[in-house]
Amino acid sequence: MLRIHFSTADLGRIHLAPGPDPAWEALLSLHVLGSCDEDPVMRPWRRRMRDTVDPMARPLLGLAPPRGYSPDFLTPAQGVDGIESGIEMILTTPRARLRAELAVLGRQRRLPPGVGALADGRPEALRGLGGALRRYHRQALTPYWPQIRASVEADREQRARAFLAGGTERLLGSLHPTIRWEPPVLLVAYPVDSELRLEGRGLRLVPSFFCRGTPIALRDTTLPPVLVYPVARAIGALDPAPAAGGDRLARLLGRTRAATLYTIADAEHTTGNEIARRLAISPASASEHATVLRDAGLIQSLRVRNTTRHTLTRLGMELLEGRSPVVVPGAVPGAVPRVPAARQDAGCP
């Protein structure tokens, strides 16, 4: 059992993540990929990824075993701002923390080659980790991000209704069947017996598509407290249909422009330089594609100091999710596609 102790101040400092956290979804999907999970939602995706995952991304499986501890530095709080923000924070992890957390992992399992260089904070090892995370996220998660986001948003709506109906008590009691609220303690079914005292820091709640079994917390109690819990998922949510939709979208917008739209959806707050880097195009070309998407009403752009950040509009999100009817200015009608002791993944076999 995990016992999360709240003070009066903590009850006013509960935050629900604004959407799926790319860093957590990457980690937890790696748990799925390395498991023998027979979940009917996860099984088809896992089989496809096992056959096709980029070889450059495969070493990540050694850092995220399907059972037991995964290093806390892989899921920074800044990851909710987009995969690039999360990777940036991962790659700036202090060397002492890298060494300590990888040592914990090493006591649990045999570490993959190259982890020693990563523990030493060597630049080439960190660059390799960042590249592997980008490749993995682009291949394994980006094509399915609209479905992942839709599941998380549906859960957020349920939490909002629970809060409006019964305040914080109803919200905490509604998170998951394995969670029970006994004021002032939140009781969570957990593989180990653990205590987490919030002490005024509040709690960040992260609904997750790839989290299975029981909720998950961080091992290091000095880090900002977080509780990741599973959301409901529809059968077929990870069927290969998103890829076909992506092909239709590419025919409508052009392959690079469609990839630009997916990139903005993936990171949520994307700059032109991030688009250029991820798609291997020039900043000028990235700016041109963003301008066309903005003029079509698919994205909106906000100037923040000396950078411009792009986010999807509702129309852009509906286009990616294949909702109907959707009208894009200038498009031909009909052409639009449709813990304290240890972080554990108790749902892994």
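Mentor: Grid points are joined across faces, edges and corners, and a volume is the space filled by probe spheres set on the points. Before we go on, this is a predicted model: local features need pLDDT of at least 70, side-chain atom pairs count only at pLDDT 80 or more, and totals for chains, interfaces and linings use all residues. Residues are numbered from 1 along each chain as its sequence is written, and side-chain values use heavy atoms, with hydrogens and water left out.

Trainee: How much space lies in the largest cavity, and which residues line the largest cavity?

Mentor: The largest cavity holds about 100 Å³ of space. Its lining is made by A23, A26, L27, L30, L60, L63, L74, I83, G86, I87, I90 and L133. The elements that give two or more residues to that lining are α2 (22-33), α4 (60-63) and α5 (83-91). Those names come from DSSP runs numbered from the N terminus: helices are H or I with at least four residues, strands are E with at least two.

Trainee: How do the lining residues divide into nonpolar, polar and charged?

Mentor: Ala, Val, Leu, Ile, Met, Phe, Trp, Tyr, Cys and Pro count as nonpolar, Asp, Glu, Lys and Arg as charged, and the others, Gly among them, as polar. By that rule the lining has 11 nonpolar residues, one polar and no charged.

Trainee: What about the nonpolar cores?

Mentor: A nonpolar core is a set of buried Ala, Val, Leu, Ile, Met, Phe, Trp, Tyr and Cys residues joined through side-chain atoms within 4.5 Å. Buried means under 20% relative accessible area, exposed over 50%, partly exposed in between (1.4 Å probe, protein chains only). The largest core has 54 residues, and W24, W45, Y136 and F210 touch the most other members. Helix α8 gives the largest share of this core, eight residues. There is also a second, separate core of 19 residues, which includes I4, Y190, A217 and L227.

Trainee: Now the strands. Which strands form the open sheet, and in what order?

Mentor: Two strands pair if DSSP finds at least two bridges between them. Here four strands form an open sheet in the order β2-β6-β8-β7, with mixed pairing. β2 (14-16) and β7 (216-217) stand at the edges with a single partner strand each, so one side of each has no neighbour in the sheet. β2 pairs with β6 (residues 203-208) in the parallel sense over three bridges, and I14 stands opposite L203 in β6.

Trainee: And which strands does β1 pair with?

Mentor: With β4, β1 pairs in the antiparallel sense over four bridges; there, H5 has V185 as its bridge partner. With β5, β1 pairs in the parallel sense, again over four bridges, and R3 has E195 as its bridge partner.

Trainee: How many salt bridges does the structure hold?

Mentor: A salt bridge is a side-chain nitrogen of Lys or Arg within 4 Å of a carboxyl oxygen of Asp or Glu. The structure holds 10. One of them joins the side chains of R3 and D193 at 3.0 Å, N to O. That pair links distant parts of the chain, 190 residues apart: R3 is in strand β1 (residues 2-5), and D193 is in the loop between β4 (185-188) and β5 (194-197). R3 is partly exposed at 26% relative accessible area, while D193 counts as exposed at 57%.

Trainee: Last one: how do I read backbone angles?

Mentor: Most residues other than glycine have a negative phi, and most peptide bonds are trans. Here, the peptide bond from P183 to P184 is cis, with omega near 0 degrees, and P184 is in the loop between β3 (179-182) and β4. E199 has a positive phi, near 55 degrees. E199 sits in the loop between β5 and β6 and is exposed, with a relative accessible area of 65%.

How values were computed
On a 1 Å grid over the protein atoms alone, a cavity is a set of points where a 1.4 Å probe fits but cannot get out, and a pocket is an open set with protein on both sides within 12 Å along at least five of seven lines; lining residues have an atom within 4 Å of a point.
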